[in-house]
Amino acid sequence: MNITILGSTGSIGTSTLDVVARHSGKFKIVALTANCQADLLFRQCVQFKPRFAVMLDKNAAAQLRQRVREAGLAIEVLSGAAALEQVSVLPETDTVMAAIVGAAGLQPTLAAARAGKKILLANKETLVMAGNVFMDAVRASGSVLLPIDSEHNAIFQALPRGYDGNLARSGVRRILLTASGGPFRNMPLSELQHVTPEQACAHPNWVMGRKISVDSASMMNKGLEVIEAHWLFNASADDIQVVVHPQSVIHSLVEYVDGSVLAQLGNPDMRIPIAYGLAWPERIDSGVAPLDLFKVATMDFTAPDFVRFPCLALAYQALRAAGTAPAILNAANEVAVAAFLDKQIPFLSIPRVIEAVLDTLPVGTIGSLDDVLAADADARRAAQQQIKQS
Ligand code: NAD
Ligand code: MG
């Protein structure tokens, strides 16, 4: 299997390379891409010898090109957003791991779908922003789409093999999407105003990039995942129940009409869904230790708290509003999270900014990628405006 990894220096990207390195005869890396981390991308180039390495940033690319030349490696170093798309559609690439964070992942992932590549989808923002455009492209090209987000990977595993996009016909009553509740699940509400980016990024169970860590702390991550599940499994907002499960051992469940509930369990380590996606429909070693149920001992479940986590309610609201609303939600969230990480706004302003943007902008229909990009740009402007005024 020949793989392009979009976002190879991130949390998902490095976990993917960890699994790949355990099965070097099985997988070949064709292209690696990153934003601006030239040092790490260079080390990955030395180890995996891809044909292409892409850096979004021009200066970082120049630096990498020089080091690659000095090391005598036959690797073509490219830069810019167009190059991300270029390495997503290469004839020699059959599989694309979509692991760029945020809206930046949309266009290369969509290009891979249009080219009929097998897509291992970690970048949930692609589906949140452009669900119908992306799913139409997947269907039209016949590309295989495997969810890497742990919850969706669990649901994929618990649905019938060859699930055809009709929950009722498969005897499914509900999808139960588990959530850890993040680091602020039990913090007194009065303290939430003062939490720092460092506290928000210290997730109790998962090690992740900073943006998704903040999303987990606000539970926007779960909101984005509800929208992601809607597109992946053709499930309505009413079909998806969020269940808070702080141990993160059950990664999600599917409830059938006969009362059966199928779950996928495992240690909270993304190498499990990544290995599943890489080997599907077979199974390979992921490097993750076996689940020790005696050590887990107890599993808790509670309903989500929409007062503590208004972002989750906003995401359900955007899904129900449909059209451009989820793209607006996503863009406003990205701007607000960046401002929080930059210490410009407090944690509790994240949902306030998003809500104000959703209230300001009209919801349009999505006929093409351009409609998505226009909604994204409008929402970013409106969110910046909100932040300036606050
Ligand atoms: P990360 O921040 O650790 O890594 C992001 C990667 O994308 C890096 O390689 C970075 O160089 C690259 N990148 C960032 N901005 C870019 C840009 N503008 N253009 C091109 N490349 C850019 O993020 P992550 O935690 O690995 O998450 C990646 C995606 O996977 C996100 O969409 C996230 O929601 C999803 N996801 C992550 C996890 C997890 O455990 N980390 C779990 C489920 C889903
Ligand atoms: Mg997840």
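Is Glu-151 buried or exposed? Hi everyone, let me start there. This is a predicted model, and in it Glu-151 is buried, with a relative accessible area of 8%.

Glu-151 sits in helix α7, residues 150-158, while Glu-225 sits in helix α11, residues 220-233, so the pair ties together parts that are 74 residues apart in sequence. Glu-225 is buried too, at a relative accessible area of 1%.

Next stop, please: His-245. You will find His-245 in the loop between β9 (240-244) and β10 (250-256). Its relative accessible area is 0%, so His-245 counts as buried. A polar atom of the His-245 side chain lies 3.0 Å from the backbone nitrogen of Ile-250. Leaving out residues up to four places away in sequence, the contacts of His-245 include Thr-178, Ser-180, Met-299 and Phe-301.

Last one, and thanks for bearing with me: Ile-75. This residue belongs to the loop between α3 (58-70) and β4 (76-79). With 11% relative accessibility, Ile-75 is buried. Setting aside neighbours within four places in sequence, Ile-75 touches several residues, among them Cys-45, Pro-50, Phe-52 and Val-68. For a sense of scale, Ile-75 and Ala-321 are 246 residues apart in sequence and 46 Å apart in space, C-alpha to C-alpha.

That's my tour, and I'm happy to chat about any of it.

Methods
Residues numbered from 1 in each chain as written. Chains lettered and ligands numbered in written order. Predicted model: local features only at pLDDT ≥ 70, side-chain atom pairs only at ≥ 80, totals over all residues. Heavy atoms only, no water. Helix = DSSP H or I, 4+ residues; strand = E, 2+ residues; numbered from the N terminus. Buried < 20%, exposed > 50% of the residue type's maximum accessible area, 1.4 Å probe, protein only. Polar contact = N/O pair within 3.5 Å; in protein donor to acceptor, adjacent residues only side chain to side chain. Contact = heavy atoms within 4.5 Å.
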